[in-house]
Amino acid sequence: MILEAEHPHQRVANAAQAVRQSHLRWRLSHMTAMSAKKTHSRTTCCGRVVSRNHFFKHSRAFLWFLLCNLMVGVDRAHSQLLINVQNQGGEVIQESITSNIGEDLITLEFQKTDGTLITQVIDFRNEVQILKALVLGEEERGQSQYQVMCFATKFNKGDFISSAAMAKLRQKNPHTIRTPEEDKGRETFTMSSWVQLNRSLPITRHLQGLCAEAMDATYVRDVDLKAWAELPGSSISSLEAATEKFPDTLSTRCNEVSSLWAPCLCNLETCIGWYPCGLKYCKGKGVAGGADSSGAQQQAQPTNYRCGIKTCRKCTQFTYYVRQKQQCLWDE
């Protein structure tokens with residue numbers, strides 16, 4: 001696994017290449033316009049109507065064309081990696097990690113060997129992490145085909161590389177089976193409230209769409225609501241209005257309850273077997289400076305640039321309220 005280098009010389013070369021490619025696309029558009037039968041066709045760019053002939057008549061046409069391509073490039077600035085990961089049981093699963101720079105979003109998804117589908121979404125702008133679990137039901141015990149739970153927690157930006165850095169990751173050998181460099185152990189979250197999805201916008205706009213099948217099974221913690229309330233443009237009142245607290249009297253674990261229809265506290269644990277949790281930096285030679293006041297040539301200053309990633313494994317256990325033990329048969 002490599003990270004595209006960000007050495008200063010490489011950045012200059014990349015910029016020059018981007019300009020050459022944009023100029024080539026501009027020339028191709030000219031030839032297309034000349035060969036088109038309908039010379040009066042028009043197109044819209046960034047709210048401005050531009051005809052094909054406009055590229056020929058005005059010297060500023062290339063700037064508009066370049067701006068259009070940049071705008072489209074921002075919308076399409078996303079990438080996907082498929083990673084083969086060996087879990088602690090020795091089984092190999094495939095993770096899909098998608099980065100969306102425009103939304104500042106990362107999505108990690110995989111299916112466990114028991115059929116459970118795990119989706120982790122990180123919203124960097126709102127500092128929200130959503131973990132969605134689709135668990136197959138035990139139909140012989142009266143469960144539906146599957147059930148979906150979502151858990152929204154406060155995300156610490158240093159726990160995962162940025163969406164921009166993620167988009168630069170490339171695999172030299174896509175079929176390699178990956179193992180993480182560091183095991184971060186297990187983190188426990190005790191949830192305290194349900195999220196009302198139709199009022200969840202103050203938390204993150206991605207919650208309602210992702211967790212549509214978890215209408216009555218999306219959970220959050222009070223401590224995270226208070227942390228989000230400290231962010232610019234947020235308030236504790238709007239966050240609390242999007243939630244409903246659990247009953248205060250319940251403290252019995254589901255594995256201690258005999259009736260399938262009694263309420264209890266459920267535990268759900270999942271592990272992310274491999275993810276990029278940090279960046280590695282390499283030292284490079286800087287560009288030599290000019291002469292000083294005495295005429296002596298200044299030495300080049302060393303520079304640091306990103307050249308790789310650190311990978312981690314982490315498990316998470318969620319404890320939350322269920323209205324019936326029937327919704328938590330795995331915790332026995």
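**Reading the disulfides and a sheet**

Guide: In this predicted model, C271 has a relative accessible area of 25% and is therefore partly exposed. By contrast with that class, C315 counts as buried, because its relative accessibility is 6%, and the cut-off for buried is under 20%.

Visitor: How far apart are the sulfur atoms of C271 and C315, and which strands hold the two residues?

Guide: A disulfide is assigned when two cysteine sulfur atoms lie within 2.5 Å, and C271 and C315 meet this with an S to S distance of 2.0 Å. The S-S torsion of this pair is about 100°, so the disulfide is right-handed. C271 belongs to strand β16 and C315 to strand β17, so the bond ties together parts that are 44 residues apart in sequence.

Visitor: In which order do the strands of that sheet stand, and which of them are at the edges?

Guide: The sheet is open and has three strands in the order β12-β17-β16, with mixed pairing. Strands β12 (182-190) and β16 (264-284) stand at the edges with a single partner strand each, so one side of each has no neighbour in the sheet. Neighbouring strands are turned against each other by 20° on average, when direction is ignored. Between β12 and β17 (residues 303-322), which run parallel, there are seven bridges, and R186 stands opposite C315 in β17.

Visitor: How many disulfides are there, and what is the handedness of the one formed by C150 and C211?

Guide: The count comes to five disulfides. In the one between C150 and C211, the sulfur atoms are 2.1 Å apart, and the torsion is about -100°, so this disulfide is left-handed. The pair links distant parts of the chain, with C150 in strand β9 and C211 in the loop between α5 (206-210) and β14 (218-220), 61 residues apart. Both C150 and C211 are buried.

Visitor: What does the disulfide of C266 and C328 link?

Guide: C266 and C328 are joined with an S to S distance of 1.9 Å, and the torsion of about 80° means that this disulfide is right-handed. It links distant parts of the chain, C266 in strand β16 and C328 in the segment after β17, which are 62 residues apart. C266 and C328 are both buried.

Visitor: Which residues does Q147 touch, leaving out those up to four places away in sequence?

Guide: Q147 lies in strand β9 (residues 146-154), and with that exclusion it touches A133, L134, V135, Q326, Q327 and W330. The side chain of Q147 also reaches the backbone oxygen of Q327 at 3.1 Å.

Terms used: Residues numbered from 1 in each chain as written. Predicted model: local features only at pLDDT ≥ 70, side-chain atom pairs only at ≥ 80, totals over all residues. Heavy atoms only, no water. Pairing = 2+ DSSP bridges. Helix = DSSP H or I, 4+ residues; strand = E, 2+ residues; numbered from the N terminus. Axes fitted to C-alpha atoms, helices over the stretch in contact; angles between N-to-C directions. Polar contact = N/O pair within 3.5 Å; in protein donor to acceptor, adjacent residues only side chain to side chain. Contact = heavy atoms within 4.5 Å. Buried < 20%, exposed > 50% of the residue type's maximum accessible area, 1.4 Å probe, protein only.
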